[in-house]
Every structure is written in C-alpha cells, then in structure tokens.
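Student: I would like to go through this model and check the labels against their cut-offs. Please give the value and the threshold each time.

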Amino acid sequence: MLKGFRDFILRGNVMDLAVAVIIGAAFTAIVTALTTNIINPLLGAVIGKPNFDYLIAHVNGGEIKYGTFLTAIINFLLIAAVVYFFLVLPTQYLLKKFNPPAAEPPTTKACPQCLGDIPVAATRCKFCTQPV
C-alpha cells in the first residue's frame, strides 16, 4: 500500500501539478499587485472611479449590490488582459523565435528516368510512363 502511494506521489505529473500550483499562487500576488496598484489607479485617473461598489439597487427593502458584481467583472477582465499581454504574448513570441516551425515534407520527387517532377506517392511517371 505504501509503495503504491509512493509511486503515485513521485509520478511526474503530480510533481508538475504541485509546482504549477505554487508558482500560480506566487504569480497571482504579482498580477493582483499590478492591477490593484498600477492599472486601477490609471483607470481611476482616466474614467473617475475604478470601483463601482457604491452602485446599489433598493428593491422592497432589500439591497442588490450590482456595483460589486460590476467591479468583479472589470477586475477579472483586467487580470485576464494583464496575464495575456504580459505573459502569454511574450511567451508565444519567444517560443516562435527559439522553435521555428518544421519544414513541410516534399510533395514531389524526381523521376529517375526523365527527371520530371512527379508526386511522392506515384508509382509510375506521368511523363515517361516508367515505374518508379
């Protein structure tokens, strides 16, 4: 029983997942600090208030805090934009730069008799009718 547990824990994907969760938690702090301390104040300077928590609807004596919901949506969009523009795009650029796309295999070959270009899958040359 303990051997099975040890094998499960030491599998590569479990360790990769643990590292990803730890790095994700650390990165969350960075993204939250960026949006809270830099992007939200910039938006506040441009559009007024970046926080819509003051928007409340009173219905039959109850309060519907739709402003908090709007603030959560805007924060989500800001965090998604920060992750995309500061993490995803630069990573894609670096991957394209260091891993160029593989060359496509040729679609034609030369006939050994007449040297005409024929499809790779051809069994007979269309120019000289010789088997290839």
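Student: In what order do the elements of the protein chain run from the N terminus on?

Tutor: In this predicted model, the order is α-α-β-β-α-β-β. That comes to 3 helices and 4 strands.

Student: How do you know whether the protein chain is spread out or a compact globule?

Tutor: The radius of gyration is 30 Å, while the globule rule gives 14 Å for 132 residues. The value is well over the rule, so the chain is more spread out than a compact globule. Along the principal axes, the C-alpha trace spans about 90 × 55 × 35 Å.

Student: What percentage of the residues counts as buried, and what share of the contacts comes from residues 24 or more positions apart?

Tutor: Of the 132 residues, 11% count as buried, the cut-off being under 20% relative accessible area. Among contacts with a separation of 6 or more, 18% are between residues 24 or more positions apart. The accessible surface of the chain is about 10,600 Å², and carbon and sulfur atoms hold 70% of that.

Student: Which residues make the nonpolar surface patch?

Tutor: Val-59, Ile-64, Tyr-66, Phe-69, Leu-70, Ile-73, Phe-76 and Leu-77 make a patch of about 780 Å². Helix H3, residues 66-98, supplies the largest share, 6 residues.

Student: Why is the aromatic pair of Tyr-84 and Phe-85 called edge-to-face?

Tutor: The planes of Tyr-84 and Phe-85 are 80 degrees apart, and angles over 60 count as edge-to-face. The centres are 5.2 Å apart, against a limit of 6.5 Å for pairing. The structure holds 1 aromatic pair.

Student: Are Tyr-84 and Phe-85 exposed or partly exposed?

Tutor: Tyr-84 has 38% relative accessible area, so Tyr-84 is partly exposed. Phe-85, at 52%, counts as exposed.

Student: What makes the phi of Asn-60 worth a remark?

Tutor: Most residues other than glycine have a negative phi. Asn-60 is not a glycine, yet its phi is positive, about 50 degrees. Asn-60 lies in the loop between S1 and strand S2 (62-64). At 81% relative accessible area Asn-60 is exposed.

Student: What is the phi of Leu-115, and how do you know whether Leu-115 is buried or exposed?

Tutor: Phi of Leu-115 is near 65 degrees, again a positive value in a residue other than glycine. Leu-115 sits in the loop between strand S3 (108-110) and strand S4 (117-119). Its relative accessible area is 63%, and exposed means over 50%, so Leu-115 is exposed.

Conventions: Residues numbered from 1 in each chain as written. Predicted model: local features only at pLDDT ≥ 70, side-chain atom pairs only at ≥ 80, totals over all residues. Heavy atoms only, no water. Patch = residues over 30% accessible without salt bridge, like charges linked within 9 Å, V, L, I, M, F, W, Y side chains within 5 Å. Areas by Shrake-Rupley, 256 points an atom, 1.4 Å probe, with all protein chains shown as cover. Salt bridge = Lys/Arg side-chain N within 4 Å of Asp/Glu carboxyl O. Helix = DSSP H or I, 4+ residues; strand = E, 2+ residues; numbered from the N terminus. Phe/Tyr/Trp six-rings, centres within 6.5 Å; stacked < 30°, edge-to-face > 60°. Buried < 20%, exposed > 50% of the residue type's maximum accessible area, 1.4 Å probe, protein only. Rg over C-alpha atoms; globule rule 2.2 N^0.38 Å. Contact = heavy atoms within 4.5 Å.
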